Amino acid sequence: MFSKFEEVVSQRHDIAQGYKEQGRKIVGYFCDYTPEEVIHAAGMIPVRITGTKDQIDKADRYLQTNVCSFARSCLELALKGTYDYLDGLVVTHSCDLITKMYEIWQYRLEKPEFLHYVWFPHNIYGEGAMQVFEEEVKRLKSSLENFTGHEISDEALEHSIEVYNTNRKLLKEVYEWRKTDPPKISGTEAFAITLSGLLMPKEEHNFLLEELLSTIEGRKDGPQRNARLMIAASMLDDIDLIELIEERGGNVVCDDLCTGSRYFWDGVEVSGSSPVTRLAQRYLRKVPCPRSYQSEKPRFAHIKAMIEDYHAQGVILYILRCCDAHLYHYPKLRNELDIPLLHLQGEQTLSGLAQIRNRVDAFLEMLGGI
Amino acid sequence: MEEKTEKMKARKHLKTTQDASQIIKQYYAEQQEKASKEGLPVAWCCIAAPRDIMQALDIQAFYPEQYASYLASRDCTTRFIQNAEAAGYANELCGYARAIIGYIMDGLPPDVPVGGMSRPDFFIITSAVCDNRVKWFEEMADMFNAPIYLFEFPEMPPETRQGASSGEEALIMLQIGSKDAPHLLGYTGQQYQGLVRFLEEQTGKKVDPNKLAEIRDRSRDVGKLRREINEYRKAIPTPMGAADGYTAMFPGTYLPGTKISDEFYTKLREEVKYRLDNKIGIVPEEKFRLAWSGIPFWYNMGLINYFEDYGGVVVIDTQYGAAGTTINTSSPRQPKRWGINRMVASVVRAVVDYNLDGVILSYTPTCRALYIDQLEMKNTLEEELDVPALLLESDMVDPSSYNEAETMMKIDAFIEQVTEKAKHRDWL
């Protein structure tokens, strides 16, 4: 039932390579503030750039050891040639480190041929932000048009919006099955489902989702009853952490992840203004990344609503070391939540695994006593 | 609070720069008095906030980054940093932010150097150079429940795989907008208008265009004086080094459109010119020349003088303005590429223009925005100019992060390396 999603996650680069061999063009992108529909409408497959758990070797020359381990590991893969299958790369200004990915990639690597940087406002609710970001969406569109030699029509954009909105709707339906007690779908399975969607064509992901949703109700081998947890993290690009938590006896039932709920929670309006305008609106108004100015209220509201709707009893907060935006939100988030919170210092390689395991055990034990 | 010992302060060589500490004290005293007695509005601003408009509206501006560095130079940050960390602000967050958040938590205590910063009525923040500051200022505004204006600087990376361009613009470290994104420049203009409106609302005053023009004229003059002084510093031996330069930056950075600043740099230019004409260097025999790049360790500025015992001078700092009046296009040392971005290019530019033998990169691990360029500065200097660079690791304001033995060992090895290299300057 879930094997195809898990396979995409574990074999992500081979699978992308497979599409490439079929003649498809692959465009990597950083950050869920990237208006992916535009890349899709250009006829290419957008795939999220993710990192590795492997030892960093080549990236040490360009980024110090205590720089964001996610960024370092992505650069490592690029330098090793893992991303050679990319035809293009789109980097959106999410934070200083991700901007650096663009600069280093552009200067130090010869591939891919197409590179584009999207400037994204900090002041997402501020005056003029909508117009300036709309211009940035248009600039991405024309840059892709120059690269492919084909115009991206409004019809193509409307079609891509429809495909993406369908994906969002289906993922929300999948998440409904996490509200039950016990949940029908485990956190590990759910994350493999959402994550795989970032690594494969949306049409195929939609097909797999529909197939899953048609059979899920009758599932007999779902998770057992356990403490219900929310996971919030600065960046999670593999299932291992959630898997570890669930192995220790928790059920991860919801999340605040840019590779999870924040990625698909908000759809694009289907009518009204031009598709470019509606896309700009969606990306500026979606559940924000903490890096954005005044993101605290909407992000905390999303977290609280999730806790309530999914009946979470505790939150595990996994913040990669040096992820400033998340670290600034942490003291207030800790004070505002009325359920227990476990803060784990993150590292892309999960190097402190034994310590994480012990702390998760203690947290689960504490929740068991509620 | 105890003031720090002399040995950690930078030893200055020029007479004029010694006036700067009095200017700092006077600045704080005057602002505090104007805020408390005359009730003039107080703003806490980041370093890139436009000064002229605030001066025109009689806003009493305090700069938390500057004050954090001042606290550190007096060895007074530890208790505040501990406050912030106890409240959940992680120790890998910006040292300036932790120090000032902790200072606010302590209720802006009066027993601090120069009396501290007056209670803010509002905040001004820009997104220039670093993303982290936006979050920090948002946090502070929230702590005071005060209004805040975010002035966005839409910075763009270089447009081609060649990286940064080589010209004078390398010394302007920010690239706002790009050829194919004129809307970003338009947005910046719109942001500026928004800032003016915000400040007028906060102060209940209108900007007087004549007063603003006067401040801008004077500010331009101050800028010109500073560039002239920098130009003189390119000479061998240099008449003024970074130990004096860091102290001398306060009036120009924080009081650019004022008479005090104008007078200070006029006097400084005269002194530097005199030293230049009479070939008075910083050390008796100048053997090697360095740049300091990145934020210095404010609690240990004496480190900059250490090289002088070995005939070396830290000629210029590249973070707070190394622009002179010319660029050196005739030197045989011209790189093919100038690095991944303008920040890297500005260091390469300084090495060429100031005839430098090496660069110190102060690797302040809590300042992501600056240190993430440093390995590329090192790589580019080595690849393009065969110039060595040394990374020294420590926080800018947190003395607990400083490892004396390791730092000195690295410096000694570096001194040997650059001394030897400087004997063979085939590019001069």
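Two strands are taken to pair if DSSP finds at least two bridges between them. Helices (H or I, at least four residues) and strands (E, at least two) are DSSP runs, numbered from the N terminus. The model is predicted: local features need pLDDT of at least 70, side-chain atom pairs count only at pLDDT 80 or more, and totals for chains, interfaces and linings use all residues. Residues are numbered from 1 along each chain as its sequence is written, chains are lettered from A and ligands numbered from 1 in the order in which they are written, and side-chain values use heavy atoms, with hydrogens and water left out.

**View 1. Strands β7 and β8 of chain A pair in the parallel sense.** Six bridges join β7 (residues 314-320) to β8 (residues 341-346) in chain A. Leu320(A) has Gly346(A) of β8(A) opposite. Together with α14(A), β7(A) and β8(A) make a right-handed β-α-β unit. Right-handed is used of a crossover whose path from the first strand over the helix to the second runs clockwise, with the strands pointing away from the viewer.

**View 2. An open sheet of chain B has the strand order β6-β5-β7-β8.** The four strands pair in parallel. Because β6 (312-317) and β8 (389-393) of chain B stand at the edges with a single partner strand each, one side of each has no neighbour in the sheet. From one strand to the next the twist averages 30°; axes are lines fitted to C-alpha atoms, for helices over the stretch in contact, and angles run from 0 to 180 degrees between N-to-C directions. Between β5 (residues 288-293) and β7 (residues 358-363) of chain B there are four bridges. Ser293(B) stands opposite Leu361(B) of β7(B). Helix α14 (residues 374-385) of chain B packs on the sheet and touches β5, β7 and β8 of chain B, where contact means heavy atoms within 4.5 Å. The direction of α14(B) makes about 165° with that of β7(B).

View 3. Three bridges link β1 (residues 42-45) of chain B to β2(B), and Ala43(B) is found opposite Ala61(B) of β2(B).

**View 4. The largest cavity holds about 490 Å³ of space.** On a 1 Å grid over the protein atoms alone, a cavity is a set of points where a 1.4 Å probe fits but cannot get out, a pocket is an open set with protein on both sides within 12 Å along at least five of seven lines, and lining residues have an atom within 4 Å of a point. Grid points are joined across faces, edges and corners, and a volume is the space filled by probe spheres set on the points. Six cavities of 30 Å³ or more are counted by this rule. The largest is lined by 28 residues, with Ser94(A), Cys95(A), Ile98(A), Cys289(A) and Cys323(A) closest to its centre. At least two lining residues each come from α5 (96-108) and α14 (324-336) of chain A and from α6 (132-144) of chain B. The lining of the largest cavity has 14 nonpolar, five polar and nine charged residues; Ala, Val, Leu, Ile, Met, Phe, Trp, Tyr, Cys and Pro count as nonpolar, Asp, Glu, Lys and Arg as charged, and the others, Gly among them, as polar.

**View 5. The second largest cavity has a volume of about 370 Å³.** Of its 27 lining residues, Thr99(A), Lys100(A), Glu103(A), Val129(B) and Glu155(B) lie nearest the centre. Helix α5(A) gives the most to this lining, with four residues, and α12 (342-353) of chain B supplies at least two.

**View 6. The second largest pocket has a volume of about 530 Å³.** Among its 25 lining residues, Gln31(B), Lys34(B), Gln55(B), Leu255(B) and Thr258(B) are closest to the centre. With six residues, α1(B) gives the most to the lining.

**View 7. The peptide bond from Asp181(A) to Pro182(A) is cis.** Its omega is near -5°, and Pro182(A) is in the loop between α7 (154-176) and α8 (187-197) of chain A.
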